[in-house]
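Thanks for asking me to look this one over. My notes are below as numbered points, to read alongside the model.

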Amino acid sequence: MRGPGGVGLVEKVVSRMGAVIYMDGQLVPEAEAKVSVFDHGLLYGDGVFEGIRAYHGRVFRLTQHLERLYDSALGIHLSIPLSIGEMEQAVLLTLRANEARDAYIRLVVTRGCGDLGLDPQKCGRPTVFIIVGKIQLYDPALYVKGLRLITCRTRRISARALDPSIKSLNYLNNIVAKVEVTNASAHEGIMLNEEGYVAECTGDNIFLVRHGGVVTPPPEAGILKGVTRGAVMEVAKSKGYRVAEELFRIGDLLPADECFLTGTAAEIVPATSVDGRQIADGVAGPVTGDLREGFSALVACEGTPIGTDA
Ligand code: PMP
């Protein structure tokens, strides 16, 4: 069979050693999935990626993730060698090859191999790989107790430097902030933008609950427009909560009724303290719980079916 990318595909690779990886049009055992040391994804963090979830045999918001991937690629002038439809098929194929129904999918497109200079024009074909795995960011107990947050000293990079809405392979801004989080024995860190407004966390979007409505920073705050963020805003609206995208500051967290974070890996997780001070009464709140229920119902009923091999 000729598969996505126009390269002959082994429909199914039986592997006794780990996962089956999609690598430039081929399905290969994990041990054989390698990238060159000349790949600019490795040399410069030059590339884009997505983290996607499959629940109960369906891929949640696959089209939205792929649209964001192709937008991110456009943002760094990278032309992905597969159409969106081919990429969708490659994701589904990799899930089937791994016999996965509930999974975390990491889809990566790098600039490809070049020389030791920066110039992306000297790179050949972009490298495309897809990993099907599992992820658990936080201990399940934290979904009840809530996360300890800190305010990071590291500011979220300005959109005038590198737009945070581009999900690029260059995550150093977030990684340096994450080191602060770990050093402070906290669970997540809030990153402010250059103007001192709350942007997002190192790997999640942030929401406040106040006066019975939910508030989250707008895209102009300099954030990644999370797929989970969008889904949670829909769930909140459908449940009758007022939803607003508004700028706010760290000082607005303590008087809020609740605070929670959203992300593909974390889903919806409550946050109950910031910089050592308790948010509201310091426990996961009822609105967060209600939205978590609504989100679980959503992932259980929508998504692109993984399907079966014909
Ligand atoms: N912000 C950042 C910086 C992220 O890396 C992520 C993804 N982990 C998110 C927000 C949440 O985005 P999504 O809901 O699409 O996973």
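The points start with conventions, then go through helices, cores, the ligand and some single residues.

1. **Conventions.** This is a predicted model, in which local features need pLDDT of at least 70 and side-chain atom pairs count only at pLDDT 80 or more, while totals for chains, interfaces and linings use all residues. Residues are numbered from 1 along each chain as its sequence is written, and side-chain values use heavy atoms, with hydrogens and water left out. Helices (H or I, at least four residues) and strands (E, at least two) are DSSP runs, numbered from the N terminus.

2. **Helix 2.** Let me begin with the geometry. The 14 residues of helix 2 (residues 62–75) should span 20 Å at 1.5 Å a residue, and the end C-alpha atoms are 20 Å apart, which agrees. The expected span is 1.5 Å times one less than the number of residues. Just after helix 2, histidine 77 has a positive phi of about 60 degrees.

3. **What helix 2 packs against.** Leu62, His65, Leu66, Arg68, Leu69, Tyr70, Ser72 and Ala73 of helix 2 are buried (under 20% relative accessible area; exposed is over 50%, and partly exposed is in between, with a 1.4 Å probe and protein chains only). The partners of these buried residues are strand 3 (47–55), strand 4 (58–59), helix 3 (84–97), strand 5 (103–110), helix 6 (227–238) and strand 16 (304–305). Contact here means heavy atoms within 4.5 Å.

4. **The largest nonpolar core.** A nonpolar core is a set of buried Ala, Val, Leu, Ile, Met, Phe, Trp, Tyr and Cys residues joined through side-chain atoms within 4.5 Å. The largest has 33 residues, and those touching the most other members are Val59, Leu69, Met87, Leu95, Ile105, Leu107 and Val109. Two or more residues come from each of strand 1 (20–23), strand 3, helix 2, helix 3, strand 5 and strand 6 (127–133). Helix 3 gives the most, with seven residues. Apart from this core lies another, of 22 residues, among them Leu149, Leu253, Val269 and Ala271.

5. **Valine 59.** Which residues does valine 59 touch, not counting those up to four places away in sequence? They are Ile52, Arg53, Ala54, Leu92, Leu95, Ile105, Gly303, Thr304 and Ile306.

6. **Helix 6.** Helix 6 has twelve residues and reaches 17 Å from its first C-alpha to its last, close to the expected 16 Å. Its buried residues are Val227, Thr228, Arg229, Ala231, Val232, Met233, Val235 and Ala236.

7. **The ligand.** The ligand is surrounded by 17 residues, the closest being Tyr171, Glu200, Val227, Thr228 and Thr264; a residue counts as near if one of its heavy atoms lies within 4 Å. An N or O atom in the side chain of glutamate 200 is 2.6 Å from a nitrogen atom of the ligand. A backbone N or O atom of glycine 203 lies 2.9 Å from a ligand nitrogen atom. Threonine 228 places a polar side-chain atom 2.6 Å from an oxygen atom of the ligand. The protein covers 92% of the 390 Å² of accessible area that the ligand has on its own (Shrake-Rupley method, 1.4 Å probe; for residues, only the protein chains shown count as cover).

8. **Two residues of strand 5.** Threonine 110 is in strand 5 and is buried, with a relative accessible area of 4%. Its side chain makes a polar contact with the side chain of aspartate 39 (2.7 Å). A polar contact is a pair of N or O atoms within 3.5 Å; within protein, one must be able to donate a hydrogen and the other to accept it, and residues adjacent in sequence count only if both atoms are side-chain atoms. Arginine 106 is also in strand 5 but is partly exposed, at 28%. A polar contact of 2.7 Å joins the side chains of arginine 106 and tyrosine 104. Arginine 106 and glycine 51 are 55 residues apart in sequence, yet 4.8 Å apart in space, C-alpha to C-alpha.

9. **Positive phi in loops.** Most residues other than glycine have a negative phi. Histidine 56, in the loop between strand 3 and strand 4, has a positive phi near 50 degrees and is partly exposed at 44% relative accessible area. Glutamate 99 lies in the loop between helix 3 and strand 5; its phi is positive, near 50 degrees, and glutamate 99 is exposed, with a relative accessible area of 62%.
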